[in-house]
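Here is a friendly walk through one structural model, written for someone who likes to know the cut-offs behind each term. Please keep the structure open as you read.

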Amino acid sequence: MKRRLAILAVIAAALWMLPYGVDSYAIHIIDVTLIFALLAVGLGLAMGIAGQVNLAQVAFFGVGAYTVAILTTRTGLGFWTAALLALLATAVTGLFVGTPALRVQSHYLGIVTLGLALAFTNWVTNASVSGGAEGINAIPVPELPGVDLGSEYLFYYLELIVFAIALAFGLFVVRTPLGRRMRAMRDDPLAAGAVGVEVPMLRMTAFALASVYGGTAGVLYAGLVRYVAPETFSIANMFLLLAMVIIGGRQSLLGCVAGAVTLSLLRELLVDYPTYAQVAYGSVVVLVVVFAPTGLAGLPARFRRRASAQRHELQPFTPFAEAPVDSGASPLLEVACIGKQFKGLRALDDVTLDVGAGEIRGIVGPNGSGKTTLFNVVTGLYKPTTGEVRFAGRRVTGASPYRLAQAGMARTFQNLRLFRALTVRDNVLVALDRTRTRSIWRYPLWPVGVWRHDRDLRAAADELLARFGLTDFAGALPGALPYGIQRRVEIARAMAQHPRLLLLDEPAAGLNGEEVRQLGEIVRSIRSSGVTVILIEHNMGLVMSLCERVTVLASGRIIADGTPAEVATAPQVIEAYLGDSMSDTLEVPR
Amino acid sequence: MQVTLQTLIGGLSLGAVYALVAMGFSLVYRTMGLVNFAHGNVVTLGAYVASTFYMSTRLPFALAMIVAIVVTGLVGSVIEFVLRPLENKDFDLMLIGTIGFGIVLDALAIIIWGATGRAVPSPVRAAPIDLFGLRIRTYDLVVLAIAAAAMVLLMLFLQRTKRGAAMQAVAMDHEAATAVGIHVGRSNSIAFVIGAGLAALAGGLVGPLLYVSPTMGGALGIKGFAGAILGGFGSIPGAIVGGLAIGVLDAFAAGHFQGYSELVTFLVFTVIIMVRPTGIFGERTVNRA
């Protein structure tokens with residue numbers, strides 16, 4: 001910590017002294033570089049942190065710069081008033097450009113945002129209010145008592161302060177609940193929704209953040225150059241910006257800054273050969289994505305690796321404190337006449353089941369019988385074609401996954417959906433965090449509150465990890481862990497949500513005998529802590545020993561429902577699920 | 001009415017070019033799930049190579065076109081080869097990789113042919129056809145015919161040949177395709193080469209319609225992509241319909257909004273995508289959990 005502060009102080013001092021050693025041309029280059037770095041941080045937040053392909057960052061930049069230019073020259077507003085309005089305008093633009101993200105992602109989002117960026121340049125090139133292709137010049141110097149911001153040396157300090165605040169804010173966001181939810185959403189939007197992350201709101205937030213960074217850069221650009229023209233906001237510059245973020249390392253804001261500085265300097269070195277510079281940075285982008293996808297920011301880790309060789313061990317699970325089940329009058333989950341149709345396939349057909357509070361319900365059936373589809377309908381991933389789902393007495397049919405998660409439903413996935421670029425601790429932290437997107441006002445207005453909240457969450461996460469015996473793996477990435485441990489992490493993550501209902505989709509798949517035994521112990525403890533459990537499982541031994549009631553699905557229909565012993569001897573089950581030949585050899589554990 | 005029809009015809013011929021571009025996008029996407037953002041720059045490359053051979057060496061237009069297709073096909077296979085390590089792993093990274101290639105191709109075009117554009121004379125000198133008072137340029141008909149032929153050939157290739165069937169298999173499930181002995185890399189490579197060839201065809205054909213310049217590919221690429229998505233990404237008939245639709249939309253936007261046509265085209269496109277993300281012929285893929 002002390003060393004970090006010292007390094008920071010040295011860097012700050014160096015940046016503060018920088019203008020004393022350079023000529024007027026160099027300071028101009030430095031000023032422009034800082035603006036690009038600010039843009040890159042904004043793009044990094046949207047693309048690297050939140051995973052939203054945003055090719056309109058240069059348009060946000062343009063909206064900021066043009067709004068200042070138009071308001072100061074056409075309406076005679078002061079620079080700072082215009083700047084404030086410009087930030088507002090970019091935030092609105094950001095929300096507008098971000099709306100498609102609610103419906104489409106990845107390359108679709110790329111083309112839509114790119115199209116909107118083109119639409120922006122098309123508009124400023126043609127509109128008379130923006131001065132057409134010539135642009136607008138003679139933007140007034142920003143007035144600041146006692147400081148002449150017409151000097152590029154003094155403007156550097158203004159930029160430096162704004163940049164430092166913006167970068168610090170960005171880093172704060174990344175490391176606290178908001179950024180963690182964004183990174184979770186980037187890694188796996190589906191699982192993020194399932195742990196209660198408000199995916200749509202968060203996507204809009206990502207665009208709003210990116211646009212405000214872009215707008216700030218635009219305001220600074222207008223104040224620095226005092227002239228705006230369409231070519232500054234061209235697609236070529238968008239791609240340059242993208243190259244900065246990729247080469248620097250999109251998942252690290254400091255990497256984005258490094259990329260922006262590196263490419264700006266490279267461009268300056270090759271200023272007489274702009275097309276060769278273009279060939280150079282284009283090639284570097286290709287090489288980076290193939291050989292070093294984490295960019296410059298990932299390089300230190302490559303050299304630092306294999307430092308810790310100490311053995312990590314899975315500790316035993318500590319049972320939860322027992323709690324009484326508040327069994328209301330009605331069952332906790334009621335599924336009524338659910339049908340789900342995929343094109344020609346009827347995956348679920350008139351499925352009705354009730355699960356009482358405090359129950360451990362098993363759902364079994366051959367592969368393709370609709371078990372996971374049922375889970376997906378219950379947790380809001382699929383909308384049922386017919387029928388109704390009620391949770392704790394409330395009708396929740398078709399509610400979005402994150403709302404159901406917030407209402408107390410948690411689940412695990414058949415094929416493990418952990419956030420792969422988040423550590424085990426962060427995986428759990430995302431699920432622990434109950435803050436809503438609407439409370440992001442605390443970020444600019446009351447960051448101390450955010451920080452305190454984060455500290456409390458971390459303490460809770462450590463406690464939960466210790467309970468599941470995962471403390472040794474808290475800092476590891478899930479992909480590096482053995483399969484059995486990943487399964488346990490996923491259950492820990494689900495329990496971090498403090499659910500009332502836990503849905504486990506084949507939790508024993510791929511586990512060895514001892515691990516299955518531990519799993520049984522964990523599930524029993526979860527139930528006695530007051531959580532209702534529904535379990536899809538092929539391991540009949542586990543189902544028979546854990547569940548009070550078992551529901552059997554075949555071809556999307558319920559064919560039997562009862563105690564394990566009843567179900568296991570029902571002829572239709574033996575035929576559908578175990579096959580005819582099994583009926584003689586079947587042993588029912590008691 | 002007269003004006004409307006005339007605009008429609010103008011839009012269709014440019015739309016046929018967009019359709020060719022869209023087909024390239026769609027073919028690569030359906031085979032390997034990748035959007036090739038360098039596709040537009042390959043169009044530029046094709047346009048330059050075709051026009052250079054046509055104008056300076058006085059090769060017949062058709063022959064110049066074939067040269068262009070071969071050259072861009074090579075470029076396509078290089079792109080695929082370099083990005084192969086990322087295939088079926090990280091699509092966002094691959095997408096950015098193709099943007100990188102686009103940046104390089106863009107700069108190379110400027111280095112080789114200069115930043116200023118060139119006008120290409122029409123290879124068809126016949127007088128425009130007069131049909132019920134509508135003037136139809138003969139070259140427009142040639143463009144439409146070639147686009148239609150390319151679509152038919154591509155569909156035949158995909159459905160009637162063994163190689164085409166193998167590519168369909170890769171598109172559906174690359175792991176299962178590997179398991180039955182299909183070389184996925186080669187299949188992807190062929191998709192890329194054909195895609196690049198289609199781009200060259202589009203670029204060569206559009207030369208006499210527009211002005212050949214380093215920036216032409218960007219606009220053509222984005223509109224072709226828009227066409228592909230509009231039709232239903234990955235669907236070959238969808239690419240044709242979507243491309244033609246974007247061409248017509250573009251022509252009407254240009255007629256009514258003059259300089260603002262691009263703005264209108266992209267706003268309309270955005271709205272359509274939000275209303276129906278899967279396009280006209282597309283199918284929603286199911287999220288598997």
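## Sheets, helices and the chain contact

A:Thr551 stands opposite A:Asp561 in S14(A). Strands here, like helices, are DSSP runs numbered from the N terminus, with at least two residues (E) for a strand and at least four (H or I) for a helix. This is a predicted model, in which local features need pLDDT of at least 70, side-chain atom pairs count only at pLDDT 80 or more, and totals for chains, interfaces and linings use all residues. Residues are numbered from 1 along each chain as its sequence is written, while chains are lettered from A and ligands numbered from 1 in the order in which they are written.

Back to that pair of residues: strand S13 (residues 549–554) of chain A is joined to S14(A) by five bridges, and the two run antiparallel. Two strands are said to pair if DSSP finds at least two bridges between them.

Is A:Thr563 buried or exposed? It counts as exposed, because it has 12 C-beta neighbours inside 10 Å. The scale calls a residue buried if 20 or more other C-beta atoms lie within 10 Å of its own, exposed if 12 or fewer, and partly exposed in between, with C-beta atoms placed from the backbone. Leaving out residues up to four places away in sequence, A:Thr563 touches A:Glu548 and A:Arg549; contact means that the C-beta atoms, placed from the backbone, lie within 7 Å.

Chain A also has an open sheet of four strands in the order S6-S5-S8-S9, with antiparallel pairing. Strand S6 (345–355) and strand S9 (394–395) stand at the edges with a single partner strand each, so one side of each is left without a neighbour in the sheet. Two of the pairings are set out here.

| Strand pair in chain A | Bridges | Bridge partners |
|---|---|---|
| S5 (residues 333–342) and S8 | five | A:Leu333 and A:Phe391 |
| S8 (residues 386–391) and S9 | two | A:Arg390 and A:Arg395 |

S8(A) and S9(A) form a hairpin with two residues between them, and A:Ala392 in the turn has a positive phi of about 50 degrees.

Helix H16 (residues 424–432) of chain A is mostly covered, with nine of its nine residues buried. Among the elements covering them are helix H7 (177–187), helix H18 (447–467) and helix H19 (483–496) of chain A.

How many residues of chain B are in contact with chain A? There are 40, in contact with 41 residues of chain A. Helix H4 (91–113) of chain B is one of the elements giving two or more residues to this side, and H4(B) supplies the largest share, 16 residues. The chain B side divides into 31 nonpolar, six polar and three charged residues. Ala, Val, Leu, Ile, Met, Phe, Trp, Tyr, Cys and Pro count as nonpolar, Asp, Glu, Lys and Arg as charged, and the others, Gly among them, as polar.

A:Val285 touches B:Ile96, B:Ile99, B:Gly100 and B:Ile103, among others.

Finally, confidence. The predictor gives the complex an ipTM of 0.85 and a pTM of 0.87. Chain B has a mean pLDDT (the predictor's confidence in each residue, from 0 to 100) of 84, and 97% of its residues reach 70 or more. Over residues 284–289 of chain B the pLDDT is below 50. Where pLDDT is low, the predicted coordinates should not be read in detail.

Notes:
Contact = placed C-beta atoms within 7 Å.
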